[in-house]
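Please walk me through this structure in the viewer. Tell me what to select at each stop and what is there.

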Amino acid sequence: MRKTFSGRQCVRSLVVALIVGSILNAINQGDKIAALDGIVWWRVTLTFVVPFCVASYGAYSAFRNG
């Protein structure tokens with residue numbers, strides 16, 4: 001578990017979350033974000049948190065089995 005949230009792996013998970021979260025937010029709420037109107041902020045946040053958790057779990061699984 002310690003390796004999963006080490007500096008290097010945490011940065012990788014954050015990069016994945018930023019890229020995937022940005023793409024998903026553009027797909028799901030792009031028009032609202034562009035207009036800065038009607039943005040559902042908890043969805044924006046969750047769209048970044050989920051890819052971070054998935055990337056971190058993937059790293060955890062790799063470290064555990066490796």
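A residue is called buried under 20% relative accessible area, exposed over 50%, and partly exposed in between, using a 1.4 Å probe and protein chains only. This is a predicted model, in which local features need pLDDT of at least 70, side-chain atom pairs count only at pLDDT 80 or more, and totals for chains, interfaces and linings use all residues. Residues are numbered from 1 along each chain as its sequence is written, and side-chain values use heavy atoms, with hydrogens and water left out.

**Whole chain**

Start with the protein chain in cartoon view. The protein chain has 2 helices and 0 strands; helices (H or I, at least four residues) and strands (E, at least two) are DSSP runs, numbered from the N terminus. The C-alpha trace spans about 45 × 20 × 15 Å along its principal axes. The radius of gyration of the protein chain is 14 Å, while a compact globule of 66 residues would have one near 11 Å. That radius is taken over C-alpha atoms, and the globule rule is 2.2 Å times the number of residues to the power 0.38. Of the 66 residues, 24% count as buried.

**The two helices**

Select residues 7-35, helix α1, then residues 41-65, helix α2. The axes of α1 and α2 come within 7 Å and cross at roughly 140°. Here axes are lines fitted to C-alpha atoms, for helices over the stretch in contact, and angles run from 0 to 180 degrees between N-to-C directions. The residues of the contact between α1 and α2 divide into 14 nonpolar, 8 polar and 1 charged. In this count Ala, Val, Leu, Ile, Met, Phe, Trp, Tyr, Cys and Pro are nonpolar, Asp, Glu, Lys and Arg are charged, and the others, Gly among them, are polar.

Stay on α1 and pick N28. N28 counts as exposed, at 54% relative accessibility.

**The loop**

Move to L36, in the loop between α1 and α2. Most residues other than glycine have a negative phi. L36 counts as exposed at 69% relative accessibility.

V40 is also placed in the loop between α1 and α2, and counts as partly exposed at 21%. Select F5 along with V40: their C-alpha atoms are separated by 29 Å, and the residues are 35 apart along the chain.

**The tyrosines**

Show the side chains of Y57 and Y60. A search of the whole structure finds 1 aromatic pair. Y57 and Y60 form this tilted pair, with 6.3 Å centre to centre and 40° between the planes. Rings of Phe, Tyr and Trp (its six-membered ring) pair if their centres lie within 6.5 Å; planes under 30 degrees apart count as stacked, over 60 as edge-to-face and the rest as tilted. Y57 and Y60 are separated by about one helical turn because they are 3 residues apart in helix α2. Y57 is exposed at 52% relative accessibility, whereas Y60 is partly exposed at 27%.

**The cysteines**

How many disulfides does the structure hold? The structure holds 0 disulfides, a disulfide being a pair of cysteine sulfur atoms within 2.5 Å. For C10, the nearest cysteine sulfur is that of C53, 11 Å away, and this is too far for a bond. C10 is partly exposed at 22% relative accessibility, and C53 is partly exposed at 44%.
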